Amino acid sequence: MKTVLCVLGVLMGLCGISLAATPIVTFWETSYFFVLLLLVYGAASIARGITKKEYGGNFFFGILSVVAGLLILFVPGLKFMTSSTIIYLMAVWFLLQGAVSLLLGLRSKKAGGETKKWLGSLVMGIFSIILGIYSLVHPVALAFSVGVLIGIYFIISGINLVFLGIQLEKKA
């Protein structure tokens with residue numbers, strides 16, 4: 001487990017560097033990632049519905065997901081709207097991730113955990129909340145800096161995973 005965490009941390013850090021180095025490309029390509037998620041979810045829901053002969057809500061949303069994914073992929077205006085919406089979704093994600101990190105850090109401190117563990121969670125939580133608030137207030141600026149911001153977030157998360165892997169190694 002410790003090796004997996006360290007490897008994932010390093011890979012996340014490297015991905016973060018790549019994202020930060022190409023911020024405009026990262027912004028425009030986020031909608032393709034979303035399209036891929038829609039298509040995979042939709043295809044899986046449709047396949048599940050057909051194999052289990054259940055044609056209810058999941059099957060219906062699977063069809064809607066595939067249709068939405070194809071529309072976003074082939075209608076240029078929808079791709080731009082999707083990219084714009086993703087900015088706001090990311091802002092909310094940063095806020096939620098920050099709140100969770102803060103809560104985990106405070107719980108760890110209250111439980112008498114090591115200072116490095118809870119302090120790292122608090123710093124990550126504060127950073128994520130500030131990033132989320134900034135993103136909500138300045139969405140246009142975020143559109144041009146989304147790659148750098150996501151890259152920094154990936155780098156910090158990767159470092160946290162590596163430290164977690166090292167800490168697991170010390171306990172073992």
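Ser45 sits in helix 2, which spans residues 23–52; helices here are DSSP runs of H or I with at least four residues, numbered from the N terminus. The model is predicted, so local features need pLDDT of at least 70 and side-chain atom pairs count only at pLDDT 80 or more, while totals for chains, interfaces and linings use all residues. Residues are numbered from 1 along each chain as its sequence is written, and side-chain values use heavy atoms, with hydrogens and water left out.

With a relative accessible area of 9%, Ser45 is buried. The classes used throughout are buried for under 20% relative accessible area, exposed for over 50%, and partly exposed in between, with a 1.4 Å probe and protein chains only. Leaving aside residues up to four places away in sequence, Ser45 touches Asn58, Phe59 and Gly62, where contact means heavy atoms within 4.5 Å.

One of these partners, Phe59, also takes part in an aromatic pair. The structure holds three such pairs. Rings of Phe, Tyr and Trp (its six-membered ring) pair if their centres lie within 6.5 Å; planes under 30 degrees apart count as stacked, over 60 as edge-to-face and the rest as tilted. The ring centres of Tyr55 and Phe59 are 5.1 Å apart with planes at 90 degrees, so this pair is edge-to-face. Tyr55 is exposed at 51% relative accessibility, whereas Phe59 is buried at 17%. Phe60 and Phe61 also form an edge-to-face pair, because their ring centres lie 5.7 Å apart and their planes meet at 65 degrees. Phe60 is partly exposed, at 47% relative accessibility, and Phe61 is partly exposed too, at 48%.

Turning to helix 1, this element covers residues 2–21, 20 residues in total, and reaches 29 Å from its first C-alpha to its last, close to the 28 Å expected at 1.5 Å a residue. That expected span is 1.5 Å times one less than the number of residues. Leu5, Gly9, Gly13 and Gly16 are buried in helix 1. These four lie on the same side of helix 1, because they cover an arc of only 75 degrees around the axis, the arc being that of the directions from the helix axis to the C-beta atoms. The face turned away from this buried side carries the exposed residues Thr3, Leu14 and Ala21.

Finally, the structure holds zero disulfides, a disulfide being a pair of cysteine sulfur atoms within 2.5 Å. For Cys6, the closest cysteine sulfur is that of Cys15, 16 Å away and too far for a bond. Cys6 is partly exposed at 21% relative accessible area, and Cys15 is partly exposed at 40%.

Key: Helix = DSSP H or I, 4+ residues; strand = E, 2+ residues; numbered from the N terminus.
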